[in-house]
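Let's take a walk through a protein model together. Have the sequence and the 3D view ready, and we'll stop at a few spots along the way.

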Amino acid sequence: MKLNYFDLLSPDPIYIQNVGGILSPTLRQISSIGIQMYRNYLSFLLMDSKLFEMLISNEDLAGMLETVFNFFIKENVTYSPQSNCFLVSGDSAPTGFITKEIFPQICDLICQRNYIKSNRREDLSQIKNKKALDIMKKLQKGRKSAVKQSKEDKNMELGNILSAVANKSQSLNILNIWDLTVFQVWDCFARLSSNSIYEIQSMSVAAWGNKDNTFDVNAWFKRMDIVD
């Protein structure tokens, strides 16, 4: 399920039928648990969905996953050993549940709300066409390499992105940026980066012209969302 750009940018929960409201946490909420704990939460969501039964078979791991869901879901989430699933309830009544079957989808939706493309591996066993299979294998290899590079790039750590946006933006600063959702911060960073390139290119065109027609005057408002 692909969430649309407007909903991803919204500070409000995105309600999923028979589950509940998926949140994009604010920087202030992330700060309240600590950046390392936030990363740990995300690592749980990026695990292979086949590990679900292993996670719930261990009391400590099931409790940890319960905590993770409660951070990213508006309603109260509790693990039910009797039902082998997580029960979701509002103020006065149950709203849904998270089972083995919908676990991958919920994790992916939470990742989208955190500006993360899930690196969960697709099941290639169902692909019969050899050419399509080769393409999918290459895509998986490319994603794995990209994830590894992003982990090693200190410039792309959330703390550094926070500082860069707060000091580059004309309206955000180190005091008010904490009320933005994590998706909004990453989106703002992407937009500021794109606009900086656009400004350099536009100044070059103004000075030297656009003989090769390489300058796109509409580049400043082109789509920036990552969930395509």
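Predicted model: local features only at pLDDT ≥ 70, side-chain atom pairs only at ≥ 80, totals over all residues.

Start at Ala62, which sits in helix H5, spanning residues 59–72. Is Ala62 buried or exposed? Its relative accessibility is 3%, and since anything under 20% counts as buried, Ala62 is buried. Leaving aside residues up to four places away in sequence, Ala62 touches Leu55, Ile56, Tyr79 and Phe86.

Now look at how H5 pairs up with another helix. Two packed helices are described by the angle and the distance between their axes. For H5 and helix H6 (residues 103–113), the axes come within 11 Å and cross at roughly 50°. That makes the two helices, H5 and H6, oblique to each other, and their crossing is left-handed. Which residues of H5 and H6 meet? On the H5 side you'll see Leu65, Phe69 and Phe72, and on the H6 side Phe103, Ile106 and Ile110. In this contact of H5 with H6, six residues are nonpolar, with no polar and no charged ones.

Last stop: the loops. Asn84 lies between strand E3 (76–80) and strand E4 (85–89). Its phi is near 55°, a positive value in a residue other than glycine. Tyr115, in the loop between H6 and helix H7 (130–152), also has a positive phi, near 60°. As for accessibility, Asn84 is partly exposed at 46%, while Tyr115 counts as buried at 14%.

Technical notes
Residues numbered from 1 in each chain as written. Heavy atoms only, no water. Helix = DSSP H or I, 4+ residues; strand = E, 2+ residues; numbered from the N terminus. Buried < 20%, exposed > 50% of the residue type's maximum accessible area, 1.4 Å probe, protein only. Contact = heavy atoms within 4.5 Å. Axes fitted to C-alpha atoms, helices over the stretch in contact; angles between N-to-C directions. Parallel < 35°, antiparallel > 145°, perpendicular 65-115°, else oblique. Left-handed = near helix turned anticlockwise from the far one by under 90°. Nonpolar A, V, L, I, M, F, W, Y, C, P; charged D, E, K, R; others polar.
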